[in-house]
2 protein chains.
Amino acid sequence: MNHPGFKPGFKDWMAQQQNHAEAALEKALPVSTVVPEILHEAMRYTALGGGKRVRPLLAYAAGELSGAKADTLNAVACALECIHVYSLVHDDMPCMDDDNLRRGKPTVHVKYDEATALLVGDALQTQAFDLLSTPALFADPARQLRAVHVLARASGSRGMAGGQAIDLASVGHQLTREELEHMHLHKTGALIRAAVLLGALAGDVDEPTLEALDRYAKQIGLLFQVVDDVLDAVADTATLGKTAGKDAANHKPTYVSILGLAESKALANEMAQTAIDALANLGEKAERLRELAHYIVSRQF
Amino acid sequence: MNHPGFKPGFKDWMAQQQNHAEAALEKALPVSTVVPEILHEAMRYTALGGGKRVRPLLAYAAGELSGAKADTLNAVACALECIHVYSLVHDDMPCMDDDNLRRGKPTVHVKYDEATALLVGDALQTQAFDLLSTPALFADPARQLRAVHVLARASGSRGMAGGQAIDLASVGHQLTREELEHMHLHKTGALIRAAVLLGALAGDVDEPTLEALDRYAKQIGLLFQVVDDVLDAVADTATLGKTAGKDAANHKPTYVSILGLAESKALANEMAQTAIDALANLGEKAERLRELAHYIVSRQF
């Protein structure tokens, strides 16, 4: 039973925040009775009812540290998830990864059609900026504007979308670990970093704290991809909820293909520790962020 | 020869502002030597060196009225154009209009490939929000945040992207004039309205002025589409710089198919007058907006 002052265990906290993100998204996305109905239905189809909500979890954890308000954090969590989901929808399209399954369901272009998938992704991206620019969402408009700018920089051609382009260009090429890391710092890492920073900006933290959080977040972003590569190599499709083994089948470079399985796992543990070390001066209020690092590294292996 | 106090004629003013928009975009878009090179090259390929820059022109004209600073207006103009160009790149893709020619050049998926076109559109959309959220771009951060919100609302599922979805769903259907107008209010109209409002917000105007500008902008948005439909029906591909007669070939409803050519032209003149009437109380400083209404209605017919 929760009461003021009671701090739930990590798993309970995580389930709570995932529920908050789901409920907030449910409320934030236009309902499917609003014109254009099919577009709104498809946006909800792909964004609701699934996903680990890793970026929202990071934002909630950082927001706990910065003392952000619940409503502000919910909007931040939704904005992050809209960007993430838009990238998945476009990434799954035939001209990109051509994948049929995502989070255990048919992908948007399979369930609807390609044109709808294109527009769903486009509109989800816009929805993120719509939500994050809601008037008076943050106490300080200059800080809110900074959050919008951080999200845009993390998502665009010098962030996530750029990472996708580097990924495309790398198919069939042997990459060094440095090149692979460069790709993932953009493709996955940038938005994960933004998640932590946005959660922090939603409340009140000083610049040294933001810098420590950024060091943490950078490691978490890479860690997340190492773990993903390990899971893609060892898990089956049913466990992943997406097509397993695709990276190897597509001759995509991964940490596992470059370092091998054992060394990839060791690297993941090392990265989690580096992330946790970055929080050394932030005390008890950074505990959820530490727990998240442990959780991500031990996800399913 | 220009000197302080000299007011250039409309054509000269228009050419000046188009040059400002081009120079600002040239500077705002990442250079093609920055990784990922091909993505940045393709973004520049499609965004630079062409286009009528109608949305920038409207923003510059509204900014002249509101006393906005040149640098602020340039960023606003770029943000608007990035959204517009992203929508063209995605709209031209095979799963949408499947068009090979745009502004007299091969479309992005033809010149590069579909995956690149997808990412170019995605990244240009993000670039718009990146530019408009640049710290301290506006004197007042709350006003800047409002501009971001206006742009997002105009571009997303309840604006431009929604209009695309309505358009898709309407192919092969007979629409009433009201249904057609509803579609265009979203597809083209929303961003054109945003252009005028953003130009105004970039400076300093009161709410009644914003409302008058919004009435003007709503008419201009529709007017623009009526003129487009007329041009598509009467002009040839070389004049348009894009494939002519596509709407009829695709059985897309247009003003011309619903109202006929003569009545469409009459409607355009009527809309231009309504737009100009909305500016009645705004005096001399709204002159460029009036001239733009005249220009748009007389574009090429």
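Chain A contains 15 helices and two strands, where helices (H or I, at least four residues) and strands (E, at least two) are DSSP runs numbered from the N terminus. This is a predicted model, in which local features need pLDDT of at least 70, side-chain atom pairs count only at pLDDT 80 or more, and totals for chains, interfaces and linings use all residues. Residues are numbered from 1 along each chain as its sequence is written, while chains are lettered from A and ligands numbered from 1 in the order in which they are written.

**Chain A**

- The C-alpha trace of chain A spans about 50 × 50 × 40 Å along its principal axes.
- Among contacts in chain A with a separation of 6 or more, 73% join residues 24 or more positions apart; a contact requires C-beta atoms, placed from the backbone, within 7 Å.

**Helices H3 and H4 of chain B**

- The axes of H3(B) (residues 54-66) and H4(B) (residues 70-91) come within 8 Å and cross at roughly 155°; axes are lines fitted to C-alpha atoms over the stretch in contact, with angles from 0 to 180 degrees between N-to-C directions.
- H3(B) and H4(B) are therefore roughly antiparallel to each other, the term for angles over 145 degrees.
- The contact involves residues of H3(B) including B:Arg55 and B:Tyr60, and residues of H4(B) including B:Leu73 and B:His84.

Technical notes
Two residues are in contact if their C-beta atoms, placed from the backbone, lie within 7 Å. Angles under 35 degrees count as roughly parallel, over 145 as roughly antiparallel, 65 to 115 as roughly perpendicular and the rest as oblique.
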